[in-house]
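Q: I have a structure open here and would like to go through it slowly with you. Could you help me read it piece by piece?

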Amino acid sequence: MKLSPLPDQSKSRFSPSEPNDQRPLRRSLFKRIGYVALAIAAGLLLVWAFRPAPIRVDVSTVQRGDLQVTVDAEGKTRVRDRFTISAPVDGHLARIQLEEGDSVQVGTLVARIDPVPLTADVKAALGQLAEWKAQRAGVATQRPKPETLAQANTRIQKARADQHQAEARVSAAQAALDQANRDRQRAQQLQSSGAISRQDRESAELTAITRARELDAASLNAKAAAAEVEVAQATLAVLQKEQTDPDYLLRVYDARIASTEAELAKLRDEANRTDIRSPAQGRVLRIVQKSAQYVTDGAPLLELGDVSNLELVIDVLSADAEQIKPGNPILIERLNAPPIHAKVRLVEPAAFTKVSALGVEEQRVNVIGDFVDLPAMYGDAYRVETKIVTWAGKDVLKVPLSALFRCHENWCVFTVNSDRAQQRTVNMNHRNDLEAEIQTGLTVGEVIILHPTEQMSEGKRVTVSNQTLSATP
């Protein structure tokens with residue numbers, strides 16, 4: 001079999017006029033160009049594969065609106081006027097028939113006590129009173145009898161009469177002595193002249209001596225009579241003093257009787273207060289002693305209060321209390337309902353120590369608030385979540401607080417411009433837990449990045465992950 005020759009392929013690719021020695025060079029050039037293009041494509045593919053991917057971010061826009069700075073704290077409702085009714089006396093308490101939540105009016109019987117010990121105390125007080133009165137009546141027997149006083153006065157009168165008689169005898173004896181002395185002198189003169197005898201002179205002298213002795217005796221009798229008068233007067237003074245001495249005992253017994261009567265009146269009043277009645281209108285908040293039992297004076301029985309007159313008690317940190325002033329609005333948050341409004345009436349001046357859930361001791365202060373509109377569903381000691389408004393602004397430039405971060409000593413945000421992040425320094429003023437007021441550094445409508453991470457920096461490419469832009473995170 002005869003084979004035909006293969007067709008000349010080189011002639012079909014190149015023009016017949018091209019020299020045969022340039023064909024290999026042409027083929028080598030095309031190969032090099034293909035390799036270079038392949039390498040460039042591979043390089044571009046590697047660059048595209050390993051280039052940094054844009055950071056996915058959540059963004060918001062700078063807006064104007066209302067802003068409130070609040071102190072958020074947990075509080076509770078409290079009845080403003082609470083009455084704790086206690087046992088007024090010792091005794092046996094009958095079972096309280098009221099139930100918690102029952103309405104009471106002024107004067108409603110709420111409890112009853114049988115004052116068993118008071119009965120014995122009243123009897124003892126009556127016995128003591130009778131004893132003091134009997135002893136007082138016996139004081140009269142200690143006074144001197146009127147007959148004794150009359151007898152003492154008569155004795156004084158008799159002693160004075162005897163004294164007068166004795167003084168008269170002294171005067172008579174003195175006169176007789178004077179006469180005897182004169183007779184003695186005449187007798188001595190007559191006897192010296194021989195007119196009378198010596199015996200007559202001696203008789204005159206003896207008479208003068210006798211009269212002198214009689215004067216001495218009369219003077220002694222006068223002194224004795226005067227002493228008798230003094231003794232009688234002293235006896236009367238003693239009797240008169242004994243007459244007034246029992247007045248002191250009477251005052252003592254009168255004081256004892258008055259004290260016993262007052263104690264008796266108190267015991268009788270306490271015994272009559274066995275029926276305990278409500279002092280005010282309201283509801284029974286809590287019953288402390290429900291069952292019948294023996295109670296002592298002062299033991300709490302139940303608590304009453306008007307639940308339509310409630311107040312708020314909110315304990316806040318003492319550092320937060322410095323910002324709160326009387327009149328600040330209070331918002332009470334409710335689930336799926338508009339907030340309830342109240343206002344601050346008082347920030348208590350004294351703080352107290354409270355241990356937090358983490359075991360940290362905190363200084364806290366009670367803030368007392370009044371309801372502006374009191375809902376009917378609230379009662380005493382209800383737990384509420386409150387926001388105390390310390391500052392409020394209208395139409396302020398604000399951003400979400402999550403967009404702010406510290407850069408050196410300033411506050412900064414990242415804005416988005418042409419899909420790249422740009423760091424911006426801002427001046428912040430008031431803020432709450434969600435938003436902050438911006439004074440300078442931003443304008444309305446600018447797009448800012450929320451929750452910037454450490455990967456974020458100036459010029460980084462970003463891509464927005466959230467579809468809607470709002471002022472809240």
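Q: How do the residues of the lining of the largest pocket divide into nonpolar, polar and charged?
A: The lining of the largest pocket divides into 2 nonpolar, 3 polar and 5 charged residues, where Ala, Val, Leu, Ile, Met, Phe, Trp, Tyr, Cys and Pro count as nonpolar, Asp, Glu, Lys and Arg as charged, and the others, Gly among them, as polar. Before we go on, please keep in mind that this is a predicted model, in which local features need pLDDT of at least 70 and side-chain atom pairs count only at pLDDT 80 or more, while totals for chains, interfaces and linings use all residues. Residues are numbered from 1 along each chain as its sequence is written, and side-chain values use heavy atoms, with hydrogens and water left out.

Q: And what counts as a pocket?
A: On a 1 Å grid over the protein atoms alone, a pocket is an open set of points with protein on both sides within 12 Å along at least five of seven lines, whereas a cavity is a set of points where a 1.4 Å probe fits but cannot get out; lining residues have an atom within 4 Å of a point.

Q: Which residues line the largest pocket, and how much space lies in it?
A: The lining is made of Asp 66, Leu 67, Gln 68, Thr 70, Asp 72, Lys 387, Asn 432, Asp 433, Leu 434 and Glu 435. The space in the largest pocket is about 180 Å³, a volume being the space filled by probe spheres set on the grid points, which are joined across faces, edges and corners.

Q: Which strand gives the most to that lining?
A: That is strand E2 (residues 63-79), with 5 residues. Strands here are DSSP runs of E with at least two residues, and helices are runs of H or I with at least four, both numbered from the N terminus.

Q: Okay, zooming out, how many helices and strands does the chain have?
A: The chain has 7 helices and 22 strands. Of its 473 residues, 30% count as buried, meaning under 20% relative accessible area, with exposed meaning over 50% and partly exposed in between (1.4 Å probe, protein chains only). Among contacts (heavy atoms within 4.5 Å) between residues at least 6 apart in sequence, 77% join residues at least 24 apart.

Q: What is the order of strands in the open sheet of 4 strands?
A: The order is E3-E10-E8-E5, with antiparallel pairing. Strand E3 (82-86) and strand E5 (103-104) stand at the edges with a single partner strand each, so one side of each has no neighbour in the sheet. Two strands pair if DSSP finds at least two bridges between them.

Q: How many bridges join E8 and E10, and how many join E5 to E8?
A: Strand E8 (residues 282-287) and strand E10 (residues 300-305) pair over 4 bridges in the antiparallel sense, and in that pair Arg 283 stands opposite Gly 305 in E10. E5 and E8 are joined by 2 bridges and also run antiparallel, with Val 104 opposite Gly 282 in E8.

Q: Is Glu 303 buried or exposed?
A: Glu 303, which lies in strand E10, counts as buried because its relative accessibility is 14%. Leaving aside neighbours within four places in sequence, Glu 303 is in contact with residues including Arg 82, Phe 83, Thr 84 and Arg 283.

Q: Switching topic, what does the side chain of Arg 383 make a polar contact with?
A: Arg 383, found in strand E16 (residues 383-400), makes a side-chain polar contact with the side chain of Glu 74 (3.0 Å) and another with that of Glu 385 (2.5 Å). A polar contact is a pair of N or O atoms within 3.5 Å; within protein, one must be able to donate a hydrogen and the other to accept it, and residues adjacent in sequence count only if both atoms are side-chain atoms.

Q: How many residues apart along the chain are Arg 383 and Glu 74?
A: Arg 383 and Glu 74 are 309 residues apart along the chain, and their C-alpha atoms are separated by 7.2 Å. Arg 383 counts as exposed, because its relative accessibility is 55%.

Q: Where is Asp 315?
A: Asp 315 is in strand E11 (residues 310-317), and it is buried, with a relative accessible area of 14%. The side chain of Asp 315 makes polar contacts with the side chains of Lys 354 (3.3 Å) and Arg 364 (2.6 Å).
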